[in-house]
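Visitor: Hello! Could you walk me through this structure and show me how to read it?

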Amino acid sequence: LRCSCSFARSLGSPTPTKRMDFMNQMADSAGEQMGQAQQAVGKAYHQSKELIIVGLLVLLGSLGTGGWNEYRNVATLRTISLAKDHHNKVDCSAIDSKMEGKLIHFSCDVSGQTVLGTTTIGVPAGASGFKLTVHTEVFRPIRKKTKVVCPNSESQEKKCDKITYKKGWETNWEQYTQARDPDRVCDQNTGLDCDATNRDPTTKSFWTSQTMQFGTQEIQDASSSAKIGPWKLPSDLLSKIWQGTTLTPSCGTTPCTAGTSVSGNYLIYRHDGVTRTNDDIGDVRRMFTLYDVKQTKNSVLAEQKGETLIPWLSPYDSDYDIYEAMPGELTPEDMFTALEEINQGTTWFLRLLTLVLTMSGVFCIVSPVSVMADLIPVIGDFVSNVVDFFLGIFSCASGCMCWTLVAGVVWVL
């Protein structure tokens, strides 16, 4: 029995060499874990610095914008209040020299419309207004590039470009040929009928015979002739009361020439000069828009200066003014109420936006505490979630306090 036990102890007892190997392995494992912990701490440290910097920028920007918004609200309301006390109602019969330099209100007819686009093909005869524009598009292949798994690739992570084409209307032209995008290992040209036909619309006679360009183009502007009652109507006031109407194109009293046709609100030019109903690469279409006032009478609040109108500068702050035109026959009270509603909508939108950004900025500044909690072994995720919850409450409370403080200071001052 003693011999058996001695033999068993001799088999199970580690030799000095085995003990040394075991200790070395433990030391290597501990060193590796410590290195990983140091890397995690370093990464968390850099993330913390970035979060703090971003948080400070967001916090300062949101508080600054919030303060400006409160001052803008105060100045606007004060300007409207002063305008209510200083405005003068005038009629449309003649300009009263006694109203020079004063804030006036009136509702008068707009005049000065001009027949536009008389030399432009497609504009119907008698199109009268203050501005005429045209939007020009070309039918062409639209190139789309997406990432797909490379063909015959052993790795699903290796991505290649797949090029496809879908024909549609665009505001720019590109000559697509097979040579431009040849088939490659990772590219597939699909949906494009390649040929040697010259489809470039800018080389066609219908294009070169007129001053055409892709996108929206102004054909004629007659806003300088606009008048409201006896006053000249500035273009910036006119733009507040006019509306754009899409015209139905016309080729005039004669039928459209070959290769030109009307389809709905579009004037179509076919690149090959053949009249057809299907769209083909190189075809061009144009849509005309006429701008004119839609109501007979329109209302204005502005300062009278000679025969024209200018902004009435607020006595409270000269950076704010009353300079408004609205469609319809409105009373001064109606216009002031509309201005107050516009200001209220802008104010509350910016208030909510800056409040959310302020709370977000505070959370970014204090969130490194949660990042460091992730480093705690075993329970790091749980501790981090708990910390995030309390940091969210702290950020909301602190953000609201900071925002309220800034807004309160502005209102007091």
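**A first tour**

Guide: Gladly! The chain exposes about 24,000 Å², and carbon and sulfur atoms supply 58% of it (Shrake-Rupley areas, 1.4 Å probe, with only the protein chains shown counting as cover for residues). This is a predicted model: local features need pLDDT of at least 70 and side-chain atom pairs 80 or more, while totals for chains, interfaces and linings use all residues. Residues are numbered from 1 along each chain as its sequence is written, and side-chain values use heavy atoms, leaving out hydrogens and water.

Visitor: How many helices and strands are in the chain?

Guide: Helices (H or I, at least four residues) and strands (E, at least two) are DSSP runs, numbered from the N terminus. Here there are seven helices and 18 strands.

Visitor: Is Arg-285 buried or exposed?

Guide: Buried means under 20% relative accessible area, exposed over 50%, and partly exposed in between. Arg-285, in strand β13 (residues 284-293), counts as buried because its relative accessibility is 16%. Its side chain makes a polar contact with that of Glu-137 at 2.7 Å (N or O atoms within 3.5 Å, one able to donate a hydrogen and the other to accept it; residues adjacent in sequence count only through side-chain atoms on both sides).

Visitor: And what is the nearest side chain of opposite charge to Lys-204?

Guide: A salt bridge puts a Lys or Arg side-chain nitrogen within 4 Å of an Asp or Glu carboxyl oxygen. Lys-204 is buried without one, and the nearest oppositely charged side chain, Asp-272, is 8.1 Å away. Lys-204 is found in the loop between β6 (159-170) and α3 (205-208).

Terms used
Buried < 20%, exposed > 50% of the residue type's maximum accessible area, 1.4 Å probe, protein only. Lys, Arg positive; Asp, Glu negative; His and termini not counted.
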